[in-house]
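Hi,

Here is the structure I said I would pass on. Have a look first, and then read my notes below.

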Amino acid sequence: MTKTFKTLADFLGTHFIYTYDNGWEYEWYAKNDHTVDYRIHGGMVAGRWVTDQEANIVMLTEGVYKIDWTEPTGTDVALVFLPNENKLHGTIFFPKWVEEHPEITVTYQNEHIDLMEESREKYATYPKLIVPEFAQITYVGNAGQDNEDVISEAPYNGMPADIRDGKYFDNQYHRVNK
């Protein structure tokens, strides 16, 4: 997809895949002006996926967007997208318990909020593991806002390649094989 991002409206409804310089691969969707969905394909919490995460989404200047949120795990995330340059910078602030027990979070979070909150209370949260990384955007798709098909199943091996190769969504941006 070739698109020039200028306004916040240009950004909302966009689906991205990006790879951090440390090799971690993420898929992320600006669902609307206050909600994001994402899947994690590589890194210490690969296999985790989340829908309807409340987030603060703003445009800093033309074509530059900042998004931040706190997860039920206690993890804080801050992303700055520069989609016109196919790059972003993200900082993830993992609580100590996520660093020590990442497997607890590798699930569809929405069905396990109680477990995330229980783990946050049970295990140490400090010191946090701070992971600041640049990333290269490898896919940009115009999914439209509030498209429930974008992030609607657990990640699987090869999913990002299927999406990039046009095998996952039809021309209306709906999943091909439900």
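A word on naming before anything else: helices (H or I, at least four residues) and strands (E, at least two) are DSSP runs, numbered from the N terminus. This is a predicted model, so local features need pLDDT of at least 70 and side-chain atom pairs count only at pLDDT 80 or more, while totals for chains, interfaces and linings use all residues. Residues are numbered from 1 along each chain as its sequence is written, and side-chain values use heavy atoms, with hydrogens and water left out.

Let me start with the sheet. It is open and has nine strands, in the order β4-β3-β2-β1-β9-β8-β7-β6-β5, with antiparallel pairing (two strands pair if DSSP finds at least two bridges between them). At the edges sit β4 (49-54) and β5 (56-61), each of which pairs on one side only. From one strand to the next the twist averages 25°; axes here are lines fitted to C-alpha atoms, for helices over the stretch in contact, and angles run from 0 to 180 degrees between N-to-C directions.

Now the packing. By nonpolar core I mean a set of buried Ala, Val, Leu, Ile, Met, Phe, Trp, Tyr and Cys residues joined through side-chain atoms within 4.5 Å. The largest one has 34 residues, of which Phe11, Tyr18, Trp28, Ile67 and Phe81 touch the most other members. Elements giving two or more residues to this core include β1, β2, β6 (64-70), β7 (76-82) and α2 (96-100), and β9 supplies the largest share, four residues. Trp28 has contacts (heavy atoms within 4.5 Å) beyond its neighbours within four places in sequence, among them Phe11, Tyr18, Tyr38, Ile67, Trp69 and Phe81. There is also a second, separate core of 13 residues, including Ile17, Trp49, Tyr139 and Met159.

What about the segment after α4? Arg175 is located there and counts as buried because its relative accessibility is 14%. Its side chain makes a polar contact with the side chain of Ser152 at 2.9 Å. For that term, I take a pair of N or O atoms within 3.5 Å; within protein, one must be able to donate a hydrogen and the other to accept it, and residues adjacent in sequence count only if both atoms are side-chain atoms. Not counting residues up to four places away in sequence, Arg175 touches Asp149, Ser152, Glu153, Tyr168 and Phe169. Val176 lies in the segment after α4 (159-164) too, but is partly exposed, at 45% relative accessible area. Beyond neighbours within four places, Val176 is in contact with Lys167, Tyr168, Phe169 and Asp170.

Cheers

Terms used
Buried < 20%, exposed > 50% of the residue type's maximum accessible area, 1.4 Å probe, protein only.
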